[in-house]
Amino acid sequence: MDTRRRFLSLSAGSFVALFAGSAVSACGTGEDQAGNDGTPRPGGRLVFAEPTSPIGWDPQVGTEDVLGLILRPVFDSLVSETPDGRYLPWLATSWTVSDDGLTYTFVLREDVTFSDGTPFDANAVKVNFDRVVAPETKSRYAKSLLGPYKASTVLDSHRVEVTLSRPYSQFLHAVSRPYLGFHSPRALAEHPDSLGSGGQFTVSTGPYVFTSVVQGQQAVFTRREGYNWGPGTARHTGRPYLDGYTVQFVIDDQSRVAAATSGQIGIADQVPAAQLAGLRRQTSVTLISRDVPGSPYTYYLNTRRPLFRNADARRVILYGVDVASITGGLFQGQYQRAGSILSPSTRSYDDRLASSWGYDRARAERLLDSLGYTGRDGDGYRTKDGARFSLQFPFATANTTSERRNYDTAFQAELKKIGVEVVLTELDAPTYIKRTLAGDYDVSGLAWGGSDPSILGNLFSARSLVTQGGGNKAWVDDPELEALLDEASRTIDLNKQNDLYRRVQARVIDQAYGLPTYVAKRSLAVRPTVHGLEFDSAGWPFLYDVWASGA
Amino acid sequence: MSVELELERVATAPPALVGRRQRAVLLAGTVLLVVFAAVMLFPSLLTAGAPDVTDTARTFRSPSLTHPFGTDQLGRDVYTRVVHGARISLLTGIGAVIIGVGGGILLGLVSAAAGRVVDGVLMRFVDVLLAFPELLLALLVVAIIGRGSANVALAIGLAAVPHFARLVRGQAFAVIRSEYVEAARGLGVPPWRYLTRHVLPNVAGPLVVLASIGTGSAITAAAGLSILGLGPAAPSPEWGAMLADGQEYLGTAWWIAVFPGLAVVAVVLTLTLLGRNIQARAIR
Amino acid sequence: MTAAVLRHVGRRLAAGVLVLWGAATLTFVALHLVPGDQADAILGPSLTATPQLRAQVIADYGLDRPVVVQYLDYLGSLLTGDLGRSYQRDMPVERLLADQVLPTMQLAVSAALAGLAIAVIAVVVTAASGRVGRTAATVLELVVASVPNFWLGLVLLTLFSFRFPIFPSIGASGGLGLVLPTLTLALPLGATLAQVMRQELERADRAPFALSVRARGAGELRLVLAHTLRHAVTPAVTLSAWIVGSLIGGTVLVENIFARPGIGRLLVGAVMSKDIPVVTTVVLLSAVTFVLINTVVDLLYPVIDPRLRAERAR
């Protein structure tokens, strides 16, 4: 039941999706998925299945990854971003940035209309951006994307100027996301309360129109007649190839994948590790596995708790759990053990770090001895003055996948072997949030997406504590680490920046602020009838270029 | 969830199977019940292993001599987990029925013995509860008091109270209106006395039947709640939780889900057969 | 006569309304007893909700008002047909529900019909066959009636969707997708109904009229089809409350197992995320269905079963 809800500051911190596109690796029979398989032809529909559905359909409000993925072909952006981090025109033909970095001026295309006929102009940009930051909108993600947004000024019908309150180098990245796409000004005026309902209530400029939605079942999209303003990153211009696409929501992994192998649907997203090996042998689908950039699933150790103030107590966990063998057994060799707090497809990943630490049961037990946990109680747990070495590990049902839950159980069993007790408590979301904000836990599991190493600041800076909307779940307050992070965020030179972030990774492992576990892959099962499938800078299937062959 | 149906049946049904077969079924059922009780009380009689020991080198093993029910995604022995799971699942079912019967007796007797107004109010309350399908009611209770075996037992027990209350009230009503209780009342015998002396023994027969079958239903319902993600927390080897766990691997490792399910079927079947046979004997 | 009937109908309807009011109140009370803060539930499991956002939510939903006021407001809204807005999905509950009712009804109705069909066929076939067949059927019915529907669903799914992909594994589209979920609900239902119907049939079989029909030289099958079966089917009517209840409970599980859209799936998600408007609506809806069907059946009893008519006349 993974809602894959992203944390706000996460993508605001990621800047260029450097490796997202290049990390594609095609496996299985159909190696060639790059679209060179014949001449694209118009027509046909694509059905793809996602495990979860967004909770609302307004991209300016919602936060989910899947929301952006599904609505990307409905909402155009001002600019388009290439997988290697350059920006190309889209709804804006050109743009300029003032020397102080505070003013962005966009020149807009003049032939663009919303699907209700309303022309797309400078005013449309202004009313949308103003709506995103308005408190009544209750934006949970788009607002943070806009960052230090101050105001928009309409210069003339197709020129708009956006002013910021401080320099913000991620601004172009922000406006390239679907979360900052544009609702028709008429829709904003006529049914402002229904924008979250999706379907006909969603009116934008994209190549596809949101036709209908059945909550929790499927969402249907139809080709927009007369669309001729595709992004600069696309391989073709003019109309999209497909007549439409349908997204089905199938939470059960087995069923979702079976639907693809039996030809019910074109693409099944999020294939679980357990099925990868079996699917590779199948000819009915091609498997596309992509590394997920960001920080892998990690057990953060709460440094505010008396027990974990001591770095050696944290090292018991770092060395006492055999993550390589859990990963191997549970995922049947499909995923690799994580060697650092960043995954290998993330820029600045330190590939030498993995060999510097690893499972060492003897060392963990020596550490326990030196900490004074020399006693044993009836259940076999280590004790010190009668008190167990016991860890509270609460988690929320809503954002824990079964893969992670299994991993947590293995983590618990593994630590039991060295006499450390882990108390796993499953909570509903509100209670979980309360406990997390109060710091009432010893261990907390978290993965954090994003292709830019600046996410490390969100995870370990004392300014990004969870109480401040950050992801510092270990409550780290480490001056040395802080200095490294500060310097990295000021450094423009990429080599220097990479070096600083490598030192951050080494420091995190040395201090055992967390135990990184496994590097997950995002795998899609794709029918041979689906052609031209590539991935945009966010790592989402780029449907505008996709076409279908008969069958 | 056939408590209500059994209500209809208690008074009318002829035995499901007759004659010698019936005795054989009764014997077999009793033997099985003893086996289940033994497994519940002393799981180590049937398996040497512990249910939550993982072995990451032996994950997803299919059934074999060393692992008769195979191993799961964490390399735990499914047979060992099914055996150890008996305690949680059976205790949850028994606990739920005790709560349901207890609440039902209380509500039913009070309703039957008290005056028209109290009876009317209580029965309307029971009507309200009956308007919720049992599973929905249990779902609500678990959502309020949280998950875990004890809470699941409480939820299912509470959901069953209105059904038991109706049965008790119906049976008790007839007895209370009977001549000898009327007479006792006339002699000034206090209500608790004639309720426990005369009314309760008369209600006991149908209650035992219902309780037996109800335990099976409760075990099923508890497993259902686990599947919906509201049962006891991992890694406890509760049958429903194991089923839910294994659902994910149905295509690749069917044994993880199938064996805990078979255990539920076996227990429910045994309890139903026994209940029916007791009922059949009582009628004759 | 008509006045008496009207009074009877009126009393039944009043009782129904009373039960519904009780159900609404109970749901409201229940969900306010849920631990955890409602504002947090509305914001969802995101760590990054700012205090301002929280304050906005509390003001918008009126969570700072006294519970009594919230309760009256809730009842008032229900009466005017305003079911509220989903906390989690940012849209009116009725819009959310509109698409889910149909798949659940399709499933429930097809399962009820299939269950009845299975029961009738089983009874008729075994009535014509001998003692051995009847015993075998009895045992089979006992076993099937004891199988939990969720487990049956998993087994059917494994066999006929994953192992031998005959039926689609997902979705509600098309009749084919309805087959396995329907069977999952209908098999235990049919088995239970068959048990009861067989009892009735055997009782009717011993009745004097059966003897006279036999005396006229009619065959066993003819006797069953033309005469006794009618008596055997009446329990299906008297058991309607149980059938409806078990179908509503059953769809919750089956929809979750088969990843089918519907009320049940909606409900479980809503319970977990404490989406009060959705939970109350779904629970009320099931109570309305339940009460409605029971009231109708109750009123129709005398029409359907001549014996009951006779009893009431006495």
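**Strand pairing and burial**

Author: Strand β13 (residues 286-291) of chain A pairs with β24(A) in the antiparallel sense, over six bridges. Here helices (H or I, at least four residues) and strands (E, at least two) are DSSP runs, numbered from the N terminus, and two strands pair if DSSP finds at least two bridges between them. This is a predicted model, in which local features need pLDDT of at least 70 and side-chain atom pairs count only at pLDDT 80 or more, while totals for chains, interfaces and linings use all residues. Residues are numbered from 1 along each chain as its sequence is written, and chains are lettered from A and ligands numbered from 1 in the order in which they are written.

Reader: Which residue of β24(A) is the bridge partner of A:Asp291?

Author: Strands of a sheet pair through backbone hydrogen bonds, either parallel or antiparallel. In this case A:Asp291 has A:Lys521 as its bridge partner in β24(A).

Reader: How many of the six residues of strand β24 of chain A are buried?

Author: A residue is buried if 20 or more other C-beta atoms lie within 10 Å of its own, exposed if 12 or fewer, and partly exposed in between, with C-beta atoms placed from the backbone. Five of the six residues of β24 (residues 521-526) of chain A are buried, so the strand is largely enclosed by the rest of the structure.

Reader: What is the strand order in the open sheet of three strands?

Author: The order is β21-β14-β22 in chain A, with antiparallel pairing. The edge strands, each pairing on one side only, are β21 (443-449) and β22 (514-516) of chain A. From one strand to the next the twist averages 25°. Between β14 (residues 294-301) of chain A and β22(A) there are three bridges, in the antiparallel sense, and A:Thr298 stands opposite A:Pro516 in β22(A).

**Domains and cores**

Reader: Into which domains is chain A divided?

Author: Domain bounds come from an automatic or database domain assignment. For chain A they give domain 1 (16-289 + 522-548) and domain 2 (294-519), whose C-alpha centres lie 33 Å apart.

Reader: How many residues has the largest nonpolar core?

Author: A nonpolar core is a set of buried Ala, Val, Leu, Ile, Met, Phe, Trp, Tyr and Cys residues joined through C-beta atoms within 7 Å. The largest one has 306 residues, and those with the most contacts inside it are A:Ala268, A:Ala525, B:Ala138 and B:Ile156. Helix α8 (residues 191-227) of chain B gives the most to this core, with 16 residues. At least three residues come from each of domain 1 and domain 2 of chain A. A second, separate core has five residues, among them A:Phe395 and A:Tyr432.

Reader: With which residues is B:Ala138 in contact, leaving aside its neighbours within four places in sequence?

Author: Two residues are in contact if their C-beta atoms, placed from the backbone, lie within 7 Å. On that basis B:Ala138 is in contact with B:Ala155, B:Ile156, B:Ala159, B:Ala221 and B:Leu225.

**Annotated spans**

Reader: Where in chain C does UniProt place the feature "transmembrane region"?

Author: UniProt positions are given in the numbering used here, feature names are shortened, and annotations may be inferred rather than shown by experiment. The unreviewed UniProt entry for chain C places the feature at 12-34, 107-127, 139-162, 174-196, 232-258 and 278-304. Residues 107-127 of chain C are 100% helix and 0% strand, with end C-alpha atoms 30 Å apart. Residues 139-162 of chain C are 92% helix and 0% strand, with end C-alpha atoms 29 Å apart. Chain C has 14 helices and zero strands, and 45% of its 314 residues are buried.

Reader: Where does UniProt place the feature in chain B?

Author: Its unreviewed entry for chain B lists several spans, including 24-46 and 253-274. Over residues 24-46 chain B is 78% helix and 0% strand, and the end C-alpha atoms are 25 Å apart. Over residues 253-274 chain B is 91% helix and 0% strand, with the ends 34 Å apart.

**Positive phi**

Reader: Is A:Asp385 buried or exposed?

Author: A:Asp385 counts as exposed, because it has 7 C-beta neighbours inside 10 Å. Although it is not a glycine, A:Asp385 has a positive phi of about 50°, and it lies in the loop between β17 (382-384) and β18 (387-388) of chain A. A:Trp475, likewise not a glycine, has a positive phi of about 55° and lies in the loop between α15 (455-460) and α16 (479-490) of chain A. A:Trp475 is buried, with 20 other C-beta atoms within 10 Å.

Key: Axes are lines fitted to C-alpha atoms, for helices over the stretch in contact, and angles run from 0 to 180 degrees between N-to-C directions.
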